[in-house]
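Q: Hi! Could you walk me through the pockets in this one?

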Amino acid sequence: MKKVLISKVGCETALGSGPEKLWLELLAGRSGIKPLTRFSCENYVSNLAAGIDDLAIPAGSSRHDDLLDRVADQVGPIPADSRLLVASTKGEIDRLQTACRHDEPVPASALFEPLLAKISRRFDLIDHGTNINAACASSTIAIARGAAMIAHGQAESVLVYAADLLSEFVFSGFSALQALSPTPARPFDAQRQGLNLGEAGAALLLTNEKRAGDSPLAQVAGWGAANDAHHVTAPARDGSGLILACREAMQRAGIDPDQVAAINAHGTGTPYNDAMELTAFDSLFGKKMPPLHGVKGSLGHTLGAAAALETIVGGFALTAKKIPGTVGCTDPEEVGMGRIGTATQSIDGDYLLTTNSGFGGINGALVLQGAAS
Amino acid sequence: MKALINGIGWITPAGFGQGHAANGQPLLAGELEIPTRKQIFAGIDRRFGRLDDFSRIGLGAATFCLRDAGAEEWSEKRRVGIVAASRYGCLRTDLDYLETMLSEQGKLASPNIFAYTLPNCFLGEAALRFGLTGNSMIINRHDPDRVTAIRIALEELSWTDQAGILAGIVDLTPPPELAADDDLPGSLFLLLERGPRPRIEPYGELVLQGDQLIFNGKEMSDLKELVASCLRIES
């Protein structure tokens, strides 16, 4: 198995442009969640989200274009023979919504093929790309697959591009499901009421050692995925799918649970998700549960982009030997007591576990290793 | 990278069926009938009535595939994954949801329809009915040969400890303005496993060599040819 390194990254979130900015804002405990002005929220259970305010919409196009440009500019040139894996749950949903609102024909951009072609062109890649749709674990599964392709010698580099827009389509749906919090989300807090949606684009260039350059962010040392086989929209309360995914990821990385220095959890802020995760981590780590945190109190839930962002944050955390606080978690659930809170925590060790779970019962886990180690 | 093909099931314009009882090529263009619960499950299935059409055909084809392989019944969850390729995904469901969302400025947005606007949700429906705890994903890409999901499944089997993968295609008839000449509406799954099943004759061995799919020693150009070879019919 070849080593898999994260060689280049770029991201755009409600907290600004670029990975360094994201890291510093998270360390400062800032949140991009605020009242929405993009569409009326009068009939929804919340008006809060973490959108990117100044995303341009070219005439007849999608906010995706601007998001892609910004992320691609940060990443810069990459090898043209890199394979392309995209992780987006709803692609250019804003264009479909606009067409339907105006009784226009369904645009071709309702499919993923034009979006894949656009991303491939923007990064000057030969590969036309594949979109992976695994709900909120889409980019976990994409990174896992990209890592596997490199580890098994099928590719020298893989670009994972992950993005989802803040759209009324998705916002109204989560509102109808009563999953949105009317107040800023409080992941892992005993008083949490639900999630806030976010918007983001992120790219990670995964490479083998030969193509890694001088300063890779981190190594993707392990990955795992499992379905709960329990329910389509609710997590298995015993965390069985997440436990399987984490065990697979740790086994692939060749580590024991006590070597995990920190966890970047999915932490949506919904009562069931966060309880399930804590149950799973309790089962995996028991009294040796490492420090954990989540970023969705700052960035909102960015759906297909979530794991890509969290992997970038995980890389920075391993380098800095600390994890940012979890915005909103002022009164942690008992299981997480002493392990999660609003303050930055120091970490000691080389491995960080990052996890995501989504509709359709999917769970994904990645083990990151500090590049220096 | 290799696996045995132990089951085939489909819901296509050719009808509803499974490999060991097949008498013709299931991958045909034409009108697609959406199955009712009784056409798939003999017993009560309280969730089926809520499913969107995309999920119905995907779940139906996966069910027939497992039935064909003698793998429908289970007592303990199994490390079996599902990989499905789709060009149009759940676009029809998106349009249905938008109707509910746009009519009264969001007041009537349907939570039940929204839940199926993620195309991987039907994978969860299959997983929970049949106890499948492997990886599960929908893939979208230009896939004229319709074998991308099968290639990914063979790689997953080679690179992980999963015992099997249901791999296939799922697409409803698209809106006319997006229709393409080579559309094949419907769903078809193959069950790829590491070894044979008791009392069921495998269709044969599938090998991935580089980009080439080789079935029983012969290179396959597309899914139609692979299915025809499995069923020993004209492609």
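**Pockets in the model**

A: Happy to. In this predicted model, local features need pLDDT of at least 70 and side-chain atom pairs count only at pLDDT 80 or more, while totals for chains, interfaces and linings use all residues. Residues are numbered from 1 along each chain as its sequence is written, chains are lettered from A and ligands numbered from 1 in written order, and side-chain values use heavy atoms, without hydrogens and water.

Q: Which helix and strand each supply at least two residues of the lining of the largest pocket?

A: In chain A, they are helix H8 (271–285) and strand E15 (351–358). H8(A) gives the most, three residues. Helices (H or I, at least four residues) and strands (E, at least two) are DSSP runs, numbered from the N terminus.

Q: What classes of residue are in the lining of the largest pocket?

A: Eleven are nonpolar, 14 polar and two charged. Here Ala, Val, Leu, Ile, Met, Phe, Trp, Tyr, Cys and Pro count as nonpolar, Asp, Glu, Lys and Arg as charged, and the others, Gly among them, as polar.

Q: And which domains does the lining of the largest pocket draw on?

A: At least three residues come from each of domain 1 (5–211) and domain 2 (218–370) of chain A. Those bounds come from an automatic or database domain assignment.

Q: New topic: what gives the largest share of the lining of the second largest pocket?

A: H6(B) does, with four residues.

Q: How do the residues of that second largest pocket's lining divide?

A: Into eight nonpolar, five polar and nine charged.
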